[in-house]
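Subject: Structure for you to look at

Hello,

Here is the structure I promised you. Please open it first, then read my notes below.

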Amino acid sequence: PSTKKPLLAKDKDPDSGQPIDGTGWGSKASADADIVAGYWKRWPKAMIGIATGDDRVFVVDFDPRVDADTGEIWTLEQLRADTEALIGCTLPQSVSSMTRSGGIHLWLRWPDDDGAPITNRGNLPDHVDVRGKGGFVIVPPSVMTAGAKEGGGRYRWLKGRAPGEIEIADAPTELVALLRAR
């Protein structure tokens, strides 16, 4: 609960003690109720991480901040405007949550086509990240404990934007093209 580091670590090779590729959280994460109940019993204060990329779902992560050295401010409104200016269209209304630091996770679906999956790309404006295939995000009602390196806080669904209140929207084709570009 004090970091975003997955609790489901990679297994270690018994001879070398080195981590074994493909054995970490991505292979151990589960939606099986019995497995999840076991994880909660072992780690009752853990935050909830959801793998992205499955079912063609990815997250655009807007991370507002103030630069401690220059005082420059990146607001949610500016980050969204910069992203929309870059892709040349507006982002749709979709499932959205507020992060513990006041950022926004916007959940989107990429097209069901033969194109490449959306991964954890960094070709959006500064402080706008993507979590796609191979990534994960923390979701509500997770709470990062106070005293953590980056400070504590609660993750919350935005009013009218929680799962069940709104569908995950299709990503604009312009955004998908940009995220698939090399």
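Arg56 is partly exposed, with a relative accessible area of 25%. Here, buried means under 20% relative accessible area, exposed means over 50%, and partly exposed is in between (1.4 Å probe, protein chains only). Arg56 lies in the loop between β1 and β2. Helices (H or I, at least four residues) and strands (E, at least two) are DSSP runs, numbered from the N terminus. Arg56 has a positive phi of about 65°, although it is not a glycine. Asp55 sits in the loop between β1 and β2 too. Its phi is near 55°, again positive in a residue other than glycine. Asp55 counts as exposed because its relative accessibility is 63%.

A word on the source: this is a predicted model, where local features need pLDDT of at least 70, side-chain atom pairs count only at pLDDT 80 or more, and totals for chains, interfaces and linings use all residues. Residues are numbered from 1 along each chain as its sequence is written, and side-chain values use heavy atoms, with hydrogens and water left out.

**A cis bond**

Pro140 and Pro141 are joined by a cis peptide bond, with omega about 5°. Pro141 is in the loop between β8 and β9 (143–144). Most residues other than glycine have a negative phi, and most peptide bonds are trans.

Pro140 is also one of the contacts of Ser97. Contact means heavy atoms within 4.5 Å. Leaving aside neighbours within four places in sequence, Ser97 also touches Trp107 and Trp157, among others. Ser97 is found in strand β5 (residues 96–98). Ser97 counts as buried because its relative accessibility is 0%.

**The core**

Which residues touch the most other members of the largest nonpolar core? They are Phe58, Val60, Phe62, Leu108 and Leu175, out of 21 residues in that core. Such a core is a set of buried Ala, Val, Leu, Ile, Met, Phe, Trp, Tyr and Cys residues joined through side-chain atoms within 4.5 Å. β2, α3, β6 (104–109), β7 (128–131) and α4 (173–180) each supply at least two residues of this core. Apart from it lies another core, of seven residues, among them Val57, Val95, Trp107 and Val137.

Look at Val60 in strand β2 (residues 57–62). Val60 is buried, because its relative accessible area is 1%. Its contacts beyond four places in sequence include Leu108, Leu124, Val128 and Leu175.

**A helix contact**

Glu84 is in helix α3 (residues 76–87). A polar atom of its side chain lies 2.9 Å from the backbone nitrogen of Leu91.

**The largest pocket**

How big is the volume of the largest pocket? It is about 840 Å³. On a 1 Å grid over the protein atoms alone, a pocket is an open set of points where a 1.4 Å probe fits, with protein on both sides within 12 Å along at least five of seven lines; lining residues have an atom within 4 Å of a point. Grid points are joined across faces, edges and corners, and the volume is the space filled by probe spheres set on them. β1 gives the most to the lining, with four residues.

Best wishes

Methods:
Polar contact = N/O pair within 3.5 Å; in protein donor to acceptor, adjacent residues only side chain to side chain.
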